[in-house]
Amino acid sequence: MDPDSVKSTLSNLAFGNVMAAAARDYQKEVLAQEKAASSSNNQEVDLDELMDDPELEKLHADRIASLKKEAEKRQVLQRKGHGEYREIGEGDFLGEVTGSEKVIGHFYHKEFYRCKIIDKHLKALAPKHIDTKFIKVDAENAPFFVTKLGIKTLPCVILFRKGIAVDRVVGFQDLGGKDDFTTKTLELLLVKKGIISDKKEGEDDKDDDYDESKSRTVRTSVNTDSDSD
């Protein structure tokens, strides 16, 4: 056989193998692109189906309704004076206490340093616990309710439920007995007493363990026991 002919034949075979390999690679690439396109199309279809899912639409609608209801509730409470720490006079006291389900009332003396400490902490808590109303009353200018509630020691924080005095924080005896307690310490005490909630916003505040049999009305009750530090 002619050497040149053999060389030509081998060269042609080598070229053919290269072309065949190139053709296979091209075919693989085309198939991969088609597969990727098909996967993308399927994903788009799945997303479209999700957007039209009635259960998802219901969840979205329920969430919107819940947010709207919560906003309306907040507006109602703010109109009643919730969300801020306010000073009121004796003439407004009864209406403020009976006008909200939960009220924290601080009876203070303007010259007492510890009353100013309580002021600082209650002012910080009021915006965080909008379900509860936070008020302060100058004890010197509210002799009727000071007598009616049996207040003997200041600061005295009275806790009201539906116009009923259910508990109190007298001085700092429940706060470690020192002036440097934190706002969180007071907050935890008030949560424990059931006048504010530690639940996240939007959750129901049921207070199932509240016992009204131990409480007394502002209008009729007098505490003859002296408060002490």
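User: With which residues is His 106 in contact, leaving aside its neighbours within four places in sequence?

Analyst: The model is a predicted one, in which local features need pLDDT of at least 70, side-chain atom pairs count only at pLDDT 80 or more, and totals for chains, interfaces and linings use all residues. Residues are numbered from 1 along each chain as its sequence is written, and side-chain values use heavy atoms, with hydrogens and water left out. His 106 belongs to strand S2, residues 102-108; strands (E, at least two residues) and helices (H or I, at least four) are DSSP runs numbered from the N terminus. Taking contact as heavy atoms within 4.5 Å, the partners of His 106 are Tyr 85, Cys 115, Ile 118, Asp 119, Leu 122, Ile 135, Lys 136, Val 137, Pro 155, Cys 156 and Val 157.

User: Is His 106 buried or exposed?

Analyst: Buried means under 20% relative accessible area, exposed over 50%, and partly exposed in between (1.4 Å probe, protein chains only). The relative accessibility of His 106 is 0%, so this residue counts as buried.

User: Which side chain makes a polar contact of 3.1 Å with that of His 106?

Analyst: A polar contact is a pair of N or O atoms within 3.5 Å; within protein, one must be able to donate a hydrogen and the other to accept it, and residues adjacent in sequence count only if both atoms are side-chain atoms. The His 106 side chain has such a contact with the side chain of Tyr 85, at 3.0 Å. The contact of 3.1 Å joins His 106 to the side chain of Asp 119.

User: Within what arc do the buried residues of H3 fall?

Analyst: Helix H3 spans residues 90-98, and its buried residues are Phe 93, Glu 96 and Val 97. Seen down the helix axis, these residues line one face of H3, because the directions from the axis to their C-beta atoms fall within an arc of 90°.

User: What distance separates the C-alpha atoms of Ala 126 and Arg 86?

Analyst: Ala 126 lies in the loop between helix H4 (113-125) and S3, and it counts as buried at 0% relative accessibility. Ala 126 and Arg 86 are 40 residues apart along the chain, and their C-alpha atoms are separated by 9.4 Å.

User: Which residue forms a salt bridge with Glu 96 at 2.9 Å, N to O?

Analyst: A salt bridge is a side-chain nitrogen of Lys or Arg within 4 Å of a carboxyl oxygen of Asp or Glu, and the whole structure holds eight. The partner of Glu 96 lies in strand S1 and Glu 96 itself in H3, so the pair ties together parts ten residues apart in sequence. Glu 96 is buried, at 15% relative accessible area. At 2.9 Å, its partner is Arg 86.

User: What is the closest N to O distance in the salt bridge of Glu 101 with Arg 161?

Analyst: Glu 101 is partly exposed at 42% relative accessibility, whereas Arg 161 is buried at 6%. The closest N and O atoms of this pair are apart by 3.2 Å.
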